[in-house]
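Here are some notes to keep beside you as you look at the model for the first time. Take them one at a time, with the structure open.

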There are 2 protein chains.
Amino acid sequence: MIRLSTKGRYGTRLMLNLARHYGNGNDAVILKHISEDERISIRYLEQIIIPLKINRLVKSIRGAGGGYTLARKPEDIKLSEILHALEGNCCLVECVEDDSFCDFIEICPTYDIWKGATELLKGYFDGLTLKDIVTMAEKKDKKNKAKAR
Amino acid sequence: MIRLSTKGRYGTRLMLNLARHYGNGNDAVILKHISEDERISIRYLEQIIIPLKINRLVKSIRGAGGGYTLARKPEDIKLSEILHALEGNCCLVECVEDDSFCDFIEICPTYDIWKGATELLKGYFDGLTLKDIVTMAEKKDKKNKAKAR
DNA sequence: ATAATTCCTATAAATTCATGTTGATATTCG
DNA sequence: CGAATATCAACATGAATTTATAGGAATTAT
Ligand code: FES
Ligand code: FES
């Protein structure tokens, strides 16, 4: 299966949650709230947020009243950065980014295929910022509400 | 990680191997040869070829002198078909093809993102036939040989 | 009959996914 | 100060999935 890991999926939702709460006075969001919102166990979120912190996509505030915030404005964080932080690399097969993974890159007839697909995906994720996604979600929400009326 | 499973990778190489041997008199290729060519264990190839057979992408000939051939001409087999046969579905996250996988598709802000990415990939794989890939590989090979001269 | 080859089922090994445990450290607030 | 709140860190554990190997039964050409 070509599949995005749960780390990538959950991490993206985590970041979107932070993006939605970004810059409304009471900044820091605690993992417990995100856990409840997104229905992901706190323990797992703790693991997932570590690489996001290391890659300076989120800032942590320790102690009582603490929590997490985005390190930058939502419009300055690209989805590709998030996925890259969470996955290390973001290629369909290792050899696309690690020459030593396969022995016969020079000969391999599929290498260029997987490479092409990987670049396609990268371009897509590169063109999306957290703000874009939040905006999309808000539009969707509006539509849903209009429907329900 | 966004990653193509080994099944998908090995299966594609298997099919390409069959494509290269397609229609040159002595048709059927035995797994042993493919195993040696591609350096994949016969046992694993046996498992991988089952869904390819079920989806009528390859034909098998049993017994001594038997082996496998493509069920259709290489130009009539799309990469997307191969991957679909091997993976069941070929989406970045399950919910894109299985509504019941996630509970909140209607609300989920990331659903449309993953769906968009999945469709991008599908389009890419849909536009490539085995023949295309073999042709690409031959060109690459020629180039390599020219270089080595 | 014999050898070659697919077919079928079981299972071992490795990795990913998700939760749990324990306790340390930093911060706010009364 | 002391209590409460949260992050931080290092493991441990078990379920699920993926990856890979193994043994032997069924089929066919010679
Ligand atoms: S799959 Fe990596 S070089 Fe072919
Ligand atoms: S990830 Fe499946 S609906 Fe959001």
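1. Start with a salt bridge: A:Asp112 pairs with B:Lys140, and their closest N and O atoms are 2.9 Å apart. The term stands for a side-chain nitrogen of Lys or Arg within 4 Å of a carboxyl oxygen of Asp or Glu. Across the interface of chain A and chain B, two salt bridges are found by this rule.

2. A word on the basis: this is a predicted model, where local features need pLDDT of at least 70 and side-chain atom pairs count only at pLDDT 80 or more, while totals for chains, interfaces and linings use all residues. Residues are numbered from 1 along each chain as its sequence is written, chains are lettered from A in the order in which they are written, and side-chain values use heavy atoms, without hydrogens and water.

3. How many residues of each chain are in contact? Chain A brings 43 and chain B brings 44, counting heavy atoms within 4.5 Å. The buried area is about 4,000 Å², with 68% of that from carbon and sulfur atoms; this is the accessible area (1.4 Å probe) lost on putting the two parts together, summed over both.
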